[in-house]
Amino acid sequence: MVRFSWFAFFFIAVVLETANGSKPPNIVLTVIDDLGWSDVGFQGSVIHTPNINRLAAEGVILDNYYVQPMCTPTRSTLMTGRYPIHTGLQHSVILPSQPYGLPLNFKTLPETLQDAGYATHMVGKWHLGFFEWSYTPTYRGFESFYGFYTDMEDHFEHERLGILDLRDDTLPVRDKDGTYSANLFTKQAVQVIMEHNSSRPLFLYLPFQNVHGPVQAPQKYIDKYSFIENKTRRTYAAMLDIVDEAIGNVTRSLEKAGPVVWYKSVLSKAYIVGACLVGILYFKTLNLLNLPIPSSAETWKIVTKNVLWDNTLFIFTTDNGGRPKSGGYNWPLRGQKGSLLEGGVRGVAFVHGPMLKKTGVKSKELLHSTDWYPTLINLAGKKEGGRVDGFDVWETISTGKPSPRTEILLNIDLAPKEKRYRGMESIHPYYQGAAIRVADMKLLVSCPNSTWFKPPELYNKEMVIISFYHFQNSQVKGFIEVALYNITADPTEHNDLSQKLPDVVQKLQERLEFYKRSAVTPLNKPTDSQAWDVARKDSIWTPWRSTVGEKA
Ligand SMILES: [Ca+2]
């Protein structure tokens, strides 16, 4: 009887999981903050990223994929599928005491996925505003949130400008001083996965704090990179090494979680008795008909085939290019974080999952971070989500069909005349200028100039001076009034074609003008001293203009 009951449990789990075979995929959207183009192993880096490399090799690497050049704008594209010129987040990032955020009239990705029946969880960095509770993750479609609202906080102390910023849902977390954020967030992500009831598809948004500055990592990881002389680069390498380990742990938990966990979660419910009876009947019938009864090992094999991972779409993306001053490099691309040159906006990304029909390939098709929103909600079975700028690119990613995109607006962030650009690193916030990619061609207008930054470990001793020169050169000199590049032929933006091809310049300028007409005024607001008053009083960054009250 015990044996039959045991089989019965698994039988029901298998039947339910098989019935769910066509259900929407679980989605894990992983964002690595400020990850440079050339820093992961599959791009040739010396930094050890075996888990990332393996997943990328088994999936589809997105080689012509673009993001925004800074944190807040890219995160807004993930949540809404809209270009930042349409949400008002096109200029710079939200500072902790600035009273604005992702406007409430946009239905977010998790809100739409919730409508499609998903369990929605977020672990990590928000950076889309928190001045009122209604702007925070648990009010924007996430059933649970563990992470921080601002940016740039200390990885060990979880403080931004000396004030704590770490929450479990809406509640302050005050006992994690000394625990490195990547370890903290991985533990939380694994817990979300293992406790997930797989009767619903899972959406896990996992924007890590790594590899954003401050450049910090536990010493034992730094020691692995003793062959890198440059201390900042050495520590950055350790930060990425930890993220790779984190991704290994997260994917391994997805390989374990699923029906068995789900099964445990329903143990207390009355229908387990019915499940036992049906299972016993099934095995009795097999017995009566002299059919072979599966062994416990075979049954286990069937059950474990239906783990979460077997129906999970895993997405890996950076939110902007690397920042050499913080150890991240985009070599051989030109430019850095904050720049509309390729180093700022060409994003490292790949997707992995059994639903991909053509894997082990590099997609050269044009893609943008706004595309995730329509792509994912369509995969979830929802055909509506409001007006978006992104495209459903599922066929492009999964089968290699040509992208429905012919162009990408990279941004329009033009300085008012009185605030003419003076240097990318010398003033904050600076203006990015404007840029657009149409097919092979890219136009840049009124952009701060930038150069090519080679990772320090690629220099030999004599070239350290040149490296230093390049570092100094990040105090960018000059200004790009107009430049035109053929990115397909010249991805490193060496040959400005604007003089040779004035007709193309004009055509792309017309496209920029087209987008300018629909741009909304940037939402940026002056800092508010009340934010500091509330943060100091509560000893944590807290919504300070609360209108809806704290969620219970
Ligand atoms: Ca970033």
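Two notes before I start. Residues are numbered from 1 along each chain as its sequence is written. Because the model is predicted, local features need pLDDT of at least 70 and side-chain atom pairs count only at pLDDT 80 or more, while totals for chains, interfaces and linings use all residues.

I begin with the sheet. Helices (H or I, at least four residues) and strands (E, at least two) are DSSP runs, numbered from the N terminus. Two strands pair if DSSP finds at least two bridges between them. Ten strands form an open sheet with mixed pairing, in the order 9-8-5-4-10-1-11-12-2-13. Strand 9 (171-172) and strand 13 (361-363) are at the edges with a single partner strand each, so one side of each has no neighbour in the sheet. Strand 9 runs antiparallel to strand 8 (residues 167-168), with two bridges between them; there, Arg167 has Pro172 as its bridge partner.

Now to strand 4, residues 119-125. Is this strand enclosed or open? Seven of its seven residues are buried, so the strand is largely enclosed by the rest of the structure. A residue counts as buried if 20 or more other C-beta atoms, placed from the backbone, lie within 10 Å of its own.

Next, helix 2 and helix 7. Helix 2 (residues 50-58) and helix 7 (residues 231-256) pack at about 60 degrees, with axes 7 Å apart. Axes are lines fitted to C-alpha atoms over the stretch in contact, and angles run from 0 to 180 degrees between N-to-C directions. That makes helix 2 oblique to helix 7, since angles under 35 degrees count as roughly parallel, over 145 as roughly antiparallel, 65 to 115 as roughly perpendicular and the rest as oblique. Residues are in contact if their C-beta atoms, placed from the backbone, lie within 7 Å. Helix 2 brings Pro50, Asn51, Ile52 and Leu55 to this contact, and helix 7 brings Asp244, Ile247, Gly248 and Thr251.

Last, the cores. A nonpolar core is a set of buried Ala, Val, Leu, Ile, Met, Phe, Trp, Tyr and Cys residues joined through C-beta atoms within 7 Å. The largest has 127 residues, and Leu204, Met239, Val243 and Phe350 have the most contacts inside it. Helix 7 gives the most to this core, eleven residues.

Methods
Buried ≥ 20, exposed ≤ 12 C-beta atoms within 10 Å, placed from the backbone. Contact = placed C-beta atoms within 7 Å.
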